[in-house]
Amino acid sequence: MGEIVPVLRGYIQGLRTRSPRGIVTLGLAVLAAGLTGIFRCVERQQDLDARMPEFIGLILLAGILYVIGVFWVERYRLGTAALLVILAGTILFRVTLLPSRSTPSDDVYRYQWDGRAQRAHLNPYVVFPNSPGLDWLQNPEHPEPPAEESPTIYPPLSELTYRLIETVPGYKRVSTILDLASVAVLMLLLAAMKQPLHRVLAYAWNPTVLISFAMSGHFDSLSIVTLLTALFFLVTNRPALSMGALALSFLSKFFPVCSCLPS
């Protein structure tokens, strides 16, 4: 042990004398390890309703580490090693949260009900979970989806996607794939704008994004990836493709219409 400490001290001192880049890269790796541990604890929660204070505490802790990471990538000019750490963490965090059986939101069960209704050749804009005679469409593991007395509020592209997916884990996987696609498009957008690619951390490591998509299966990821694609085409002077991607985004969720409003 007496030999290891001087070696570590010498290594850290060497990083410090060369540039802050090495120290920050090492720090990002430590943050990634800490966030992975936190998300692992979150994934193991069996009943979030009963353990909500612990869940909130873990996410607040993750938020602190996330803010430190954002500060570092904004403050320092980093290299390839730091970018690889960021991308590795991006994937690792999502893989860690995907197996979770408990979620802070039950929207995914409404997606599932809408998809089941469509496969039964019913119109989700007309029927709703409490419609007479439709008890057989319920998920026995979660028989009360949100808005039981109301037809769906989701736009048609989202509804088409719901029709293609049957299981809750399936929604989470597809949502996560779209979320990772958003990371890729965001990097293309940063490159087109001649911005440091490391800034993708602000989205890719965001605990709210991770909980919403990998853990909860929210389908806003479909609208986000198409909206980012529209911005990329706009920045690269391809207006027709940009309008097409923006239309797809609006057909997934209604919030992209805000980007069309005058400032």
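Pro156 touches Tyr125 and Leu251, not counting residues up to four places away in sequence; contact here means heavy atoms within 4.5 Å. Pro156 and Tyr125 are 31 residues apart in sequence, and their C-alpha atoms are 9.6 Å apart in space. Pro156 is found in helix α6. Because its relative accessibility is 46%, Pro156 counts as partly exposed. The classes are these: buried is under 20% relative accessible area, exposed is over 50%, and partly exposed is in between (1.4 Å probe, protein chains only).

A word on the source. This is a predicted model, in which local features need pLDDT of at least 70, side-chain atom pairs count only at pLDDT 80 or more, and totals for chains, interfaces and linings use all residues. Residues are numbered from 1 along each chain as its sequence is written, and side-chain values use heavy atoms, with hydrogens and water left out.

Now the confidence. The mean pLDDT of the chain is 88, where pLDDT is the predictor's confidence in each residue, from 0 to 100. Of the residues, 90% reach 70 or more. Confidence is lowest in helix α1 (residues 4-18), with a mean of 54. Helix α8 (residues 201-204) has the highest confidence, at 97.

Next, the overall fold. The chain has 11 helices and 0 strands. Helices (H or I, at least four residues) and strands (E, at least two) are DSSP runs, numbered from the N terminus. The chain holds 263 residues, and 45% of them are buried. Among contacts with a separation of 6 or more, 74% join residues 24 or more positions apart. The chain exposes about 14,000 Å², an area from the Shrake-Rupley method with a 1.4 Å probe; for residues, only the protein chains shown count as cover.

How do the helices pack? Two packed helices are described by the angle between their axes and the distance between the axes. Axes are lines fitted to C-alpha atoms, for helices over the stretch in contact, and angles run from 0 to 180 degrees between N-to-C directions.

Take helix α7 (residues 168-192) and helix α9 (residues 207-215). They pack at an angle of about 140°, with their axes 7 Å apart. That angle makes α7 oblique to α9. Angles under 35 degrees count as roughly parallel, over 145 as roughly antiparallel, 65 to 115 as roughly perpendicular, and the rest as oblique. From α7, the contact uses Lys172, Ser175, Thr176 and Asp179; from α9, it uses Val209, Phe213, Ala214 and Met215. These residues divide into 4 nonpolar, 2 polar and 2 charged. Ala, Val, Leu, Ile, Met, Phe, Trp, Tyr, Cys and Pro count as nonpolar; Asp, Glu, Lys and Arg count as charged; the others, Gly among them, count as polar.

Helix α9 also meets helix α3 (residues 52-75). Their axes come within 9 Å and cross at roughly 125°. That makes α3 oblique to α9. The α3 side of the contact is Phe55, Ile59, Ala62, Gly63 and Tyr66, and the α9 side is Pro207, Ile211 and Met215. By class, this contact has 7 nonpolar, 1 polar and no charged residues.

Which residues does Tyr203 touch? Leaving out residues up to four places away in sequence, they are Arg94, Asp179, Ser182, Val183, Leu186, Val209, Phe213 and Ile224. Tyr203 is found in helix α8. Its relative accessible area is 14%, so Tyr203 is buried. Thr90 lies 113 residues from Tyr203 in sequence but 9.3 Å away in space, C-alpha to C-alpha.

Thr36 sits in helix α2 (residues 20-43). Thr36 has a relative accessibility of 16%, so it counts as buried. Beyond its neighbours within four places in sequence, Thr36 is in contact with Leu92, Phe93 and Thr96. Thr36 and Ala62 are 26 residues apart in sequence and 9.3 Å apart in space, C-alpha to C-alpha.

Last, the backbone. Most residues other than glycine have a negative phi, and most peptide bonds are trans. His121 has a positive phi of about 65° although it is not a glycine. His121 lies in the loop between α5 (107-119) and α6 (156-164). With 68% relative accessibility, His121 counts as exposed. Ala147 also has a positive phi, near 55°, and is a residue other than glycine. Ala147 lies in the loop between α5 and α6. At 46% relative accessibility, Ala147 counts as partly exposed.
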